Amino acid sequence: MSVIDRLLQDGDPAPFGTENGDGRFPILFASDHAGRAIPKALGRLGLDEVALARHVAYDIGIYGVTTRLAKTLDATYVFQPYSRLVIDCNRRPGNAQSVLAVSDGTTVPGNEGIEPAAVEARRREILEPYHREIERVLADRQARAQPTALFAMHSCTPLFGGETGPRPWHIGVLANRDWRIGDALIEILTKETDLCVGRNQPYSVDEESDYTIPLHAEANGLPYVEIEIRQDLIGDEAGQREWAELCASVFPRALERSGVVAA
Ligand SMILES: [Zn+2]
């Protein structure tokens, strides 16, 4: 392949980040929307700083929460540094929401009328290496006989265009077929905190609206849960620290209660 055909160039971030690669805790954390990098060759997709700082570009605050959490628990964390506007790593390639020309009312000029070859380059150089890395970590853990539950970490906007009002849920606990960890977590959060906890709110998990959980967890019978923390709660460092502490306290107990892996 010639240099001309390549999307990522010198100075662009790698298409995934892995922290604490030898983590001993039986959770693999993954964030599909952790970052808002855009390959230099795409010239910011025609967006200004204001648009790139909004939820349309990435999951605000979730990296700050999860990097602390993974460190505290000694768990491995794989995250995507590129903006979901380049390619959404939580959508099956080819899905209508994979590369959006309009996201929550914001037009993305660099995605309007995009050529299939350009989509293919984003898939090949960003989405696929990220998912291969998750696969690699899971395979390594399996080879070492380390049990693993996949925790897909996201954050969501408190106000989404088209909805009737602000979202009341501080945290959403999402799953599709396997609710073992999700229900244990909801029980603990409901009993022990004053948080408004959503069960499959504000989103649910399925093959259309998700890729990471169906691909890596459900297809392999791996226990999992998907988490959505409201972005106004984790927009600054204090909030991120507070939520990392809360999660570090309740996640291991949810694992234990669910009985899926020994925490
Ligand atoms: Zn997300």
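**Figure 1. The second largest pocket and the residues of its lining.** The lining of the second largest pocket divides into three nonpolar, five polar and two charged residues. Here Ala, Val, Leu, Ile, Met, Phe, Trp, Tyr, Cys and Pro count as nonpolar, Asp, Glu, Lys and Arg as charged, and the others, Gly among them, as polar. This is a predicted model: local features need pLDDT of at least 70, side-chain atom pairs count only at pLDDT 80 or more, and totals for chains, interfaces and linings use all residues. Residues are numbered from 1 along each chain as its sequence is written, and side-chain values use heavy atoms, with hydrogens and water left out. The lining consists of Glu-135, Leu-138, Arg-141, Gln-142, Gln-146, Thr-148, Leu-215, His-216, Asn-220 and Leu-222. Two elements, α3 (116-143) and α5 (212-217), each give two or more residues to this lining. The largest share, four residues, comes from α3. Helices (H or I, at least four residues) and strands (E, at least two) are DSSP runs, numbered from the N terminus. The volume of the second largest pocket is about 210 Å³. A pocket is found on a 1 Å grid over the protein atoms alone: it is an open set of points where a 1.4 Å probe fits, with protein on both sides within 12 Å along at least five of seven lines, and lining residues have an atom within 4 Å of a point. Grid points are joined across faces, edges and corners, and a volume is the space filled by probe spheres set on the points.

**Figure 2. The largest pocket.** How many residues line the largest pocket? There are 27, and Arg-84, Asp-88, Arg-91, Phe-160 and Tyr-203 lie nearest its centre. Strands β6 (149-156) and β9 (224-230) are the elements that give two or more residues to the lining. Of the elements, β6 gives the most, with three residues. By class, the lining has six nonpolar, 12 polar and nine charged residues. The volume of the largest pocket is about 520 Å³.

**Figure 3. The zinc site.** Which residues coordinate the zinc ion? They are His-33 through ND1, Asp-59 through OD and His-154 through ND1, at 2.0 to 2.1 Å. Donors are N, O and S atoms within 2.8 Å of the metal (3.2 Å for Na, K and Ca); water is not among the atoms, so sites may look incomplete. Along the chain, the donors of the zinc ion follow the spacing H-x25-D-x94-H. His-33 lies in the loop between β2 (27-31) and α1 (49-52), and Asp-59 in the loop between α1 and α2 (62-73), so this pair ties together parts that are 26 residues apart in sequence. His-33 and Asp-59 are both buried. Buried means under 20% relative accessible area, exposed over 50%, and partly exposed in between (1.4 Å probe, protein chains only).

Figure 4. The structure holds six aromatic pairs. Rings of Phe, Tyr and Trp (its six-membered ring) pair if their centres lie within 6.5 Å; planes under 30 degrees apart count as stacked, over 60 as edge-to-face and the rest as tilted. The rings of Phe-29 and Phe-151 have centres 5.8 Å apart and planes at 75°, so this pair is edge-to-face. Phe-29 lies in strand β2 and Phe-151 in strand β6, so the pair ties together parts 122 residues apart in sequence. Phe-29 and Phe-151 are buried. Phe-151 also pairs with Phe-251; this pair is tilted, at 4.9 Å centre to centre and 50° between the planes. Phe-251 counts as buried because its relative accessibility is 1%. Ring pairs link Phe-29, Phe-151 and Phe-251 into a cluster.

**Figure 5. Backbone angles at three residues.** Most residues other than glycine have a negative phi, and most peptide bonds are trans. The peptide bond from Gln-201 to Pro-202 is cis, with omega near -5°. Pro-202 lies in the loop between β8 (197-199) and α5. Arg-44 has a positive phi, near 60°. This residue, Arg-44, sits in the loop between β2 and α1. Arg-44 counts as partly exposed because its relative accessibility is 43%. Phi of Asp-74 is also positive, near 60°. Asp-74 is in the loop between α2 and β3 (76-79). At 30% relative accessibility, Asp-74 counts as partly exposed.
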